[in-house]
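User: Could you walk me through a few labels on this model and say what they rest on? Please show it to me before we start.

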Amino acid sequence: MSELLRFLSADTGLPVSDLLRIINTAPRRYKIFFIPKRSGGMREIAQPARELKLLQRAVVTRLISQLPVHAAARAYRSGLSIKDNALPHAGGGPILKMDFRDFFPSIKSDDWERYCKKNNLLSIDDLNISSLILFRRVKGKKALRLSIGAPSSPALSNVLMFDFDTRVSAEAERRKINYTRYADDLTFSGQRAGMLRDMVSEVAKAVRQIEFPRLQVNDDKTTFITPSRRRTVTGVTLTNDGNLSLGRDRKRLISSKVHHASLGKLSTEELREAAGQLAFANVVEPEFVARLERRYGEIVSQIRKVSRSSGSS
């Protein structure tokens, strides 16, 4: 029996016949919906069916989580948060921000298969099975692609970006520049803007030279930010004295929502949003949440429980 099928059966309790039935149609077992982007337009989310999520999580636990991830990759890793992505850039220097266009959908099953062959992972049969489980078939497209919405996509993207992160990190270190990557968000910081500018061409070179995945830099979002302007890294404000902050506007927004919640003026959906914002605040600036708790008492804890009680399946 396939080694992959054997452990999937053991971990999920499903017989092999049921596993094969799910796997054979897995690339089409997705519910599609759209959410607005902060920058405008709509983002497609492809959420796998519950039984497929079960298999994807099992593959992550048994296989993908055991594979190397570069230290520069700060997203989707146990024990790390958005704060850990921002901390290396705290200080008074300039920063460079870059990102990729259509990051997850640009990563294809061919990239995973090439990675496995290069590193002598999985038999041919298990490689085919894992590709069907981990990648989605987009209507009208031949290649299987990672989906935004699958629980396995974040961890797998980190694994497949190891060579890219290694190349870029080495070039950044040579110039005494800090580099972190949070999914498709690349951040560089250093003492001199001139050296940061070098990294734009180094990122482009790394994209061309790595074997996989085939990515495209979103040039429209390449931004240099000096200390004279408000500097943020994945939503965290960098202060000129070397600290991290939620930023004045975000604090005002959260305080307003907590106040309205204390008056019973928030809908269930607004309470969920407030819970998410409080969770973010507690990671970045826990002392701010503590001040809210002292002022508003139990209502803050009640809002935060909304987030824990409304987790997705």
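Analyst: Helices (H or I, at least four residues) and strands (E, at least two) are DSSP runs, numbered from the N terminus. Pro213 belongs to the loop between helix 10 (193-209) and strand 8 (223-225). Keep in mind that this is a predicted model, where local features need pLDDT of at least 70, side-chain atom pairs count only at pLDDT 80 or more, and totals for chains, interfaces and linings use all residues. Residues are numbered from 1 along each chain as its sequence is written, and side-chain values use heavy atoms, with hydrogens and water left out.

User: What makes the peptide bond from Phe212 to Pro213 stand out?

Analyst: That bond is cis, and its omega is near -10°.

User: Why is Lys176 called exposed?

Analyst: Lys176 has a relative accessibility of 73%. Exposed means over 50% relative accessible area, buried under 20%, and partly exposed in between (1.4 Å probe, protein chains only), so Lys176 counts as exposed. Lys176 lies in the loop between helix 9 (162-174) and strand 6 (178-182), and its phi is near 60°, a positive value in a residue other than glycine.

User: How do you know which label Met42 gets?

Analyst: Met42 comes out at 48% relative accessible area, so it's partly exposed. Met42 is in strand 2 (residues 42-48).
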